[in-house]
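Have the viewer open and follow along.

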Amino acid sequence: METVEIKINGQPYEVEKDTTILKAAKKAGIKIPTLCTHSDLEPWAACGICVVKVEGSPRMVRACATSVVPGQNYITHDPELKKVRKTVVEMTLSNHPQECLSCARNQTCELQEVAAEFGIREIPFPMEVKRLPKDESTVSLVFDPTKCIQCGRCAQVCQQLQDVWALEFLHRGYDTKIAPAAGVLLNESPCIKCGQCSAHCPVGAIYENDQTEEFCAAVEDETKHVAVQIAPAVRVAVGEAFGMEPGSITTGKIYKALRMLGSDAVFDTNFAADLTIMEEGTELVQRITKGTGVLPQITSCCPAWTDYMEKYYPDMIPHFSTAKSPMMMQGAVTKTYYADKAGIDKKNIYSVAIMPCTAKKYEIGRDDNMQASGVNDVDLVLTTRELARMIKTAGIDFANLPDEEADSPIGAYSGAGTIFGVTGGVMEAAVRTAYKLVTDDELGDVNVNAVRGMEGVKKGAVDFKGTEVKVAIAHGMANVKSIMDEIRDAREKGSEPPYHFIEVMACRGGCIAGGGQPYGTEDDIRDKRIAGIYTDDEKSVVRKSHENPEIVQIYKDFLGEPLSHKAHELLHTKYIERPLYQK
Amino acid sequence: MAVKNYILVCGGTACESSKGDDIFNNLLKEAEAQGVADDVQIVKTGCFGFCEKGPIVKVLPEQAFYVEVKPEDAGEIISETVIKGRMVDRILYKPEKGAKGDAFDIDNIEFYQKQYRIVLRNCGLINPEDIDEYIARDGYAALEKCLFDITPDQIIEELKVSGLRGRGGAGFPTWMKWNFTKQVESDQKYIVCNADEGDPGAYMDRSTLEGDPHSILEAMTIAGICVGANMGAIYIRAEYPLAIERLETAMAQAREYGLLGKDILGSGFDFDIELRLGAGAFVCGEETALLASIEGKRGMPIPKPPFPAVKGLFAEPTVINNVETYANIPAILTKGGEWFAKIGTEKSKGTKVFALTGKIKNSGLVEVPMGTTLREIVFEIGGGIPNGKKFKAVQTGGPSGGVITDKYLDTPIDFDNLISIGSMMGSGGMIVMDEDDCIVDVNRFYMDFCVEESCGKCAPCRIGTKKLMGYLDRFTQGKGEVEDIQKMKDIGEAMKKAALCGLGQTAPNPILSSLEHFGHEYMEHIEEGKCAAGKCKDLVHYKIIAEKCIGCTVCARKCPVNCIEGERKKPHVIDQEKCIKCGACFEGCKFDAIIVS
């Protein structure tokens, strides 16, 4: 790394060449306030409070967007800077509803934090809050433009990170607002409900649709048997809400907490991740060896990606694995296999999924296939943030809970199931099982390092004893384009498909950084959560899906074999082209 | 047969909208009808600048300078001036009312006396739709020189010697801008012309483009040669249809002549230009927003650096200059940088075009050497304030500048002096105010513009403009409080320092500078609820003095909202609740019975 020497408040520092003043100061332990900058995004330079002085210049520059120049001395804090920043914060507050106590972001709001840091006791300017209607058109997200401070993060996320373009700046000047183009509602827009906007919003302007009351009502209802599943990524993140280090594996505590909250059965989506590998892996092997479908096969477990594909790449429908997502598979077997085993009427089972994802709320009602059991396979999806809130409301000291185990017969999981939560994880899990299916041998070293890591697009080849299986992985919706272009290009030219198997996850880093995860997700936190997931994998006794004893059991007792008629009925689905804008 | 007379008809937007087209067509018809069609060449030129007196028609060689011409004057112009060589006194320019008209060399008219025309050198002289006329006035000579005789480094050197600074407002040395782009290695570079003129009342760029479009094409091509770019774009407001039309004609002619397009003049150098029409957002005059708009994105500024010179249009190195800057380039390269550097002040060379408007006798476009004083512009070129009113202040730099009071009238105008007296050059708007103007009301006008035109991206500008507007509104309604002044200053200072682009950083300037010079007027509004100029309607009350009113009923009949009541021959009364303060009663009363308070 090339470095340069600069000064911050007169003190010398050696910093990365071309880094921004903001980043350099942060490394030096100096916090420059900002409301719009986010490490996932290009500097947008909207909020106006990160201004600093360059010694010798009368101007103030934005620390977020200005690269360091060797030799310069940056003044980050002085009375004049404080005055300017404070005035801008006061102006921002004068347009912002003073309803912190009843806001979804109370105590996690970045504006609140900044206001506290500046010690603002009164707002000197006339209050002027524009009351705009909430957009509650999707089941996933609530968009409350009244609280929007127009930092632009959500629009940038939606456009740059996700390439969805559901959110745009409308009008100008004081009338500027962020909303879907032409002022349509979110559910009429190309929105894929990934929720990254809500994860990046510094205030309470866009947040997950809180459905915790529905869970509480189900628990209270004596006739309902509440069966809960938790997704892989939840276990390494929920602890953050209780002061635990990101990446802490809290699987056993979550099981315990869910029981304390009144759940009747606690399962794990990781079980269904293993089930997904059995189905999807078999499907892949058949496409490769028997030519039962087009190649490459593309993963379908991410509902935001599925939605995106149906809107932006409907020509990829034949490439999509027909396997449902683990959550939907878990729901389907909960209300059939488990219901039978436990002797409970499926109509009385209330199936809840704790997910790192807001799109999952949409997925459970996307079409009739989500009622493969005859009733809703999953009745309710709660995000990690909602789970944390319920635990807090119940007064549970989460960090100090003892570990418990999940319930049988659909609670045990392999290491392959748990890595579904990170980018490359579905691919790695599939490789571990597909290798066995193709070669009839077990993979020696189960760690497939080629598919790991935070690179936006990862490409590689895996040797199946002489058969080269070419794979590609994309995470962050905007990264999918180059791979889709390659597929289309090969298709048009009539040449060999460039890949056999492609994994796509809508969110950067995979589900560990999903739109429903605890706030403050940046790459350093992603890295810790990912490390947690891989640790969970390494600590697992069973690390391949096909070796999970409960998986072996369910095929033996119930499903028969992968891609069986019953498996198709319960665990597979189909896709349709959807318009970008509903009319 | 040789042409005997030339008739130059102003073809600028302002004169065209005053039936300039009809005048032109009538002259053609009359010349034909009176049998002199072959003796006279009738040319539609660019703007003469003397817009106050438009439409303007000039007949050569008689030097007949006809003003406020009407289409029906065409017959007489032909029969008298062209055929008989006599002046049509009725429409002949006269320095003062009642003075005798005479044939004037344009330079002898006081409006033009102190002017020095480089940018507007061809406006009012040539037919902008005829490339030959531009060429006849040394047009494209600089391009030829740059293609064959001098190197790009020499171009830079010549610009450096000339001292030319960007005319868009910031006054950045043009040679440095070009040199930055020249030094960046890149396969693709762009030349962009900022013709998104948006200051209220400013139209120097429009007139230049309408009157001399080839000068811009030539300059952009030279910039292309200099920095190694083959593509250019002119970003122009769609509200300038005539300028667009003239540019399109000029580009077509230049391509036909091999002066634009592939292999220019056989040199092997390719350069072509595209027009990009802007939808009229003021912020798109800010260069990064302009480039975003060309790229098809929402016109919003981005932080600088990187500057466009290094990373501009489509992230490629881009020279972006304003129209007036480009218009200087061919002249500098033909006559030499040293010639240019002799004009102007030490740090601001050359001339500046101003759009002189407001309370001024001779409104119009004036081009003066840098260093000319405001007094010379307002009182000599502009002819002073009409109707014997008292001068109050001049606003330069449009909604981004400040007010200049009589105290500074003798300051030589250049980039640095204007800043030192609390205003700025801006793109060259110059609005004169007299004693009837209310400073709070004027600032409301500017701030209203900034509120409308803020792009909404950065909080200091988006919220700051609105807050300032709110305070001004309250002042004009008599609802202000003394402490509001300090709050406005706090907001203004925060905007200056923390707004993202020039629009937001300068938007509080008119308020901050007028608070300094006319603080008492603000205080009058706040503390006494009084608007001395009578512009703030909520503070103005019309009253009928019963003793003076004879009950003639004129006021009651003039009142558009029927709020004056009273019996005939008895004193009338104005219903203050209903009064809309239009002043019709005041104007109509012949007995001075109505007062304004």
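## Ground rules

This is a predicted model: local features need pLDDT of at least 70, side-chain atom pairs count only at pLDDT 80 or more, and totals for chains, interfaces and linings use all residues. Residues are numbered from 1 along each chain as its sequence is written, while chains are lettered from A and ligands numbered from 1 in the order in which they are written.

## Chain A as a whole

Chain A has 18 helices and 17 strands; helices (H or I, at least four residues) and strands (E, at least two) are DSSP runs, numbered from the N terminus. Its radius of gyration is 25 Å, close to the 25 Å that the globule rule gives for 583 residues, so chain A is as compact as a globular protein of that length. That radius is taken over C-alpha atoms, and the rule is 2.2 Å times the number of residues to the power 0.38. Along its principal axes, the C-alpha trace of chain A spans about 75 × 60 × 50 Å.

Two residues are in contact if their C-beta atoms, placed from the backbone, lie within 7 Å.

Strands β1 (residues 3–8) and β2 (residues 11–16) of chain A run antiparallel and are joined by six bridges; strands pair if DSSP finds at least two bridges between them. The hairpin they form has two residues between the strands, and A:Asn9 takes a positive phi near 50° there.

β1(A) is also joined to strand β5 (residues 73–75) of chain A, in parallel, by two bridges. Look at A:Ile8: it stands opposite A:Gln11 in β2(A) and opposite A:Tyr74 in β5(A).

## A four-stranded sheet in chain B

Over in chain B, an open sheet of four strands has the order β2-β1-β3-β4, with mixed pairing. β2 (40–45) and β4 (64–66) of chain B stand at the edges with a single partner strand each, so one side of each is left without a neighbour in the sheet. Neighbouring strands here are turned by 15° against each other on average, direction ignored.

β1 (residues 5–10) of chain B runs parallel to β2(B), with six bridges between them, and B:Asn5 has B:Val40 as its bridge partner in β2(B). Helix α1 (residues 13–33) of chain B lies across β1, β2 and β3 (57–60) of chain B, at about 155° to β1(B). Helix α2 (residues 74–84) of chain B packs on the sheet too, touching β1, β2, β3 and β4 of chain B, and its direction makes about 30° with that of β3(B). Axes are lines fitted to C-alpha atoms, for helices over the stretch in contact, and angles run from 0 to 180 degrees between N-to-C directions.

## A covered helix and its partner

All eight of the eight residues of α8(B) are buried, B:Asp205 and B:Arg206 among them. The axes of α8 (residues 204–211) and α10 (residues 241–256) of chain B come within 8 Å and cross at roughly 35°. The contact is made by B:Arg206, B:Leu209 and B:Glu210 of α8(B) and B:Leu242, B:Ala243, B:Arg246 and B:Leu247 of α10(B).

## An enclosed strand

Six of the six residues of β11 (residues 391–396) of chain B are buried, so this strand is largely enclosed by the rest of the structure. β11(B) pairs in the antiparallel sense with β13 (residues 429–434) of chain B over five bridges, and with β12 (residues 403–405) of chain B over three bridges. B:Gln395 stands opposite B:Ile431 in β13(B) and B:Val403 in β12(B).

## Where the chains touch

29 residues of chain B are in contact with 25 residues of chain A. α17(B) gives the most to chain B's side, with eight residues.

Technical notes: Buried ≥ 20, exposed ≤ 12 C-beta atoms within 10 Å, placed from the backbone.
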